[in-house]
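These entries record what I looked up in the structure, beginning with the strands and ending with the side chains.

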Amino acid sequence: MDDKLIIGGHEFNSRFILGSGKYSLNLIEAAVRDAGAEIITLAVRRANTKEKENILDFIPEGVTLLPNTSGARNAEEAVRIARLARELGCGNFVKVEIMRDAKYLLPDNAETIRATEILAGEGFVVMPYMYPDLNAARDLVNAGAATIMPLAAPIGSNKGLATKEFIQILIDEIDLPIIVDAGIGKPSQACEAMEMGAAAIMANTALATAGNLPLMAAAFRQAVEAGRKAYLSGLGRVLARGSSASDPLTGFLRD
Amino acid sequence: MVKVNGELLPVDGKTLSEYLETTSFDIRRIVIERNEEIVSKSAYNDVILQDGDIVEVVSFVGGG
């Protein structure tokens, strides 16, 4: 079945976006392979002359790089980081991520909309991370976003689909791919989001804090694929009350 | 003095290339911003660092 994820005109077979933070560079290759990931996120930071290794040397060829703008506190800083990332010569994808709140790391939707408009105008494929709000999502669509990335729960919390009802509204009302980002802590939660109709899942901490990272990457791959198939199939109905036999009621024992 | 990644360095008067030769930055993996303007790699020989410049040298790291 041809079921591509299309982001800004680019086609992907995988619906799992892998984060690269908080774990060894040496595990990236196995994580990408076992997750089946075709997109990996990165951050931009001050270069360090002491570290000889660069993350780009650990990412398998052919994987699309998705730099984020983490650290940005407003639209201007996000735009600045995005331009630096593009200058590093690894494509024009950017995950806009703007936080004013250091405790809960919640995204600032208004600044995110402003940054999205500027960056989309400069030819970036903009994937904004946002608090799931329908009005903000519509503004992001109008600003030129390629996808919408609502949070499931606070970043790094592994708490799962805390915003489930509001993500469902985005899935139902927004024509762009809805990629659930942040807070997904285990494969069952990724699967549930995919069953709801999410276009893809992004996870980092769930893998980085797992006991066996490559094995968890494989588990996420299967969960995302299972959820996608269930969504495409159409879920079975839920009865309001009572039961409905799965077996033919021949009744021969009583006749 | 020039502020490079937050640290004051006595490199004013040098070109960016001359400064970079004194460091172990991997030129292929960095981008340089001078006073919030990106400097393209082809301009490293021409840009002369001035007293009071603020330079950021950045690269990719792991992130979510």
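**Entry 1. Strands of chain B.** In this predicted model, I began with strand β3 (residues 31–34) of chain B and strand β4 (residues 37–39) of chain B, which run antiparallel and are joined by 3 bridges. I looked up the partner of Glu33(B) in β4(B) and found Ile38(B). The hairpin of β3(B) and β4(B) has 2 residues between the strands, and I noted that Asn35(B) takes a positive phi near 50 degrees there. I then turned to the pairing of β3(B) with strand β5 (residues 54–62) of chain B, which is antiparallel and has 4 bridges. Within β5(B), Val58(B) stands opposite Val31(B).

**Entry 2. Strand β4 of chain A.** Which strand of chain B does β4(A) join? I found 5 bridges between β4(A) and β5(B), which run antiparallel. Ala43(A) has Val61(B) as its bridge partner in β5(B). For Ile17(A), the bridge partner in β4(A) is Ile39(A). I next asked how many residues of β4 (residues 39–46) of chain A are buried. The count is 6 of the 8, so the strand is largely enclosed by the rest of the structure.

**Entry 3. Nonpolar cores.** I listed the largest nonpolar core, which has 67 residues; Phe16(A), Leu18(A), Ile148(A), Val180(A), Ile201(A) and Leu207(A) touch the most other members. Helix α2 (residues 75–87) of chain A contributes the largest share of this core, 7 residues. A second, separate core holds 18 residues, including Ala47(A), Tyr19(B), Ile30(B) and Val57(B). As background, I noted that nonpolar side chains tend to be buried together in soluble globular proteins. I then looked up the contacts of Leu18(A), leaving aside its neighbours within four places in sequence; among them are Tyr23(A), Val32(A), Ile39(A), Ile40(A), Thr41(A), Met202(A) and Leu207(A).

**Entry 4. Aromatic rings.** I counted 2 aromatic pairs over all chains. Phe12(A) belongs to strand β2 (residues 10–12) of chain A and Phe93(A) to strand β6 (residues 93–96) of chain A, so the pair ties together parts that are 81 residues apart in sequence.

**Entry 5. Charges over rings.** I found the charged end of Arg86(A) over the ring of Phe124(A), 3.9 Å from its centre. Lys95(A) lies over the face of Tyr129(A), at 5.3 Å from the ring centre.

**Entry 6. Arg228(A).** I located Arg228(A) in helix α8 (residues 213–233) of chain A. Its relative accessible area is 13%, so I recorded Arg228(A) as buried, the cut-off being under 20%. Not counting residues up to four places away in sequence, Arg228(A) touches Asp3(A), Arg15(A), Met194(A) and Ala198(A).

Note on methods. Residues numbered from 1 in each chain as written. Chains lettered and ligands numbered in written order. Predicted model: local features only at pLDDT ≥ 70, side-chain atom pairs only at ≥ 80, totals over all residues. Heavy atoms only, no water. Phe/Tyr/Trp six-rings, centres within 6.5 Å; stacked < 30°, edge-to-face > 60°. Lys NZ or Arg CZ within 6 Å of the ring centre and 35° of its normal. Buried < 20%, exposed > 50% of the residue type's maximum accessible area, 1.4 Å probe, protein only. Contact = heavy atoms within 4.5 Å. Core = buried A, V, L, I, M, F, W, Y, C linked by side-chain atoms within 4.5 Å. Pairing = 2+ DSSP bridges.
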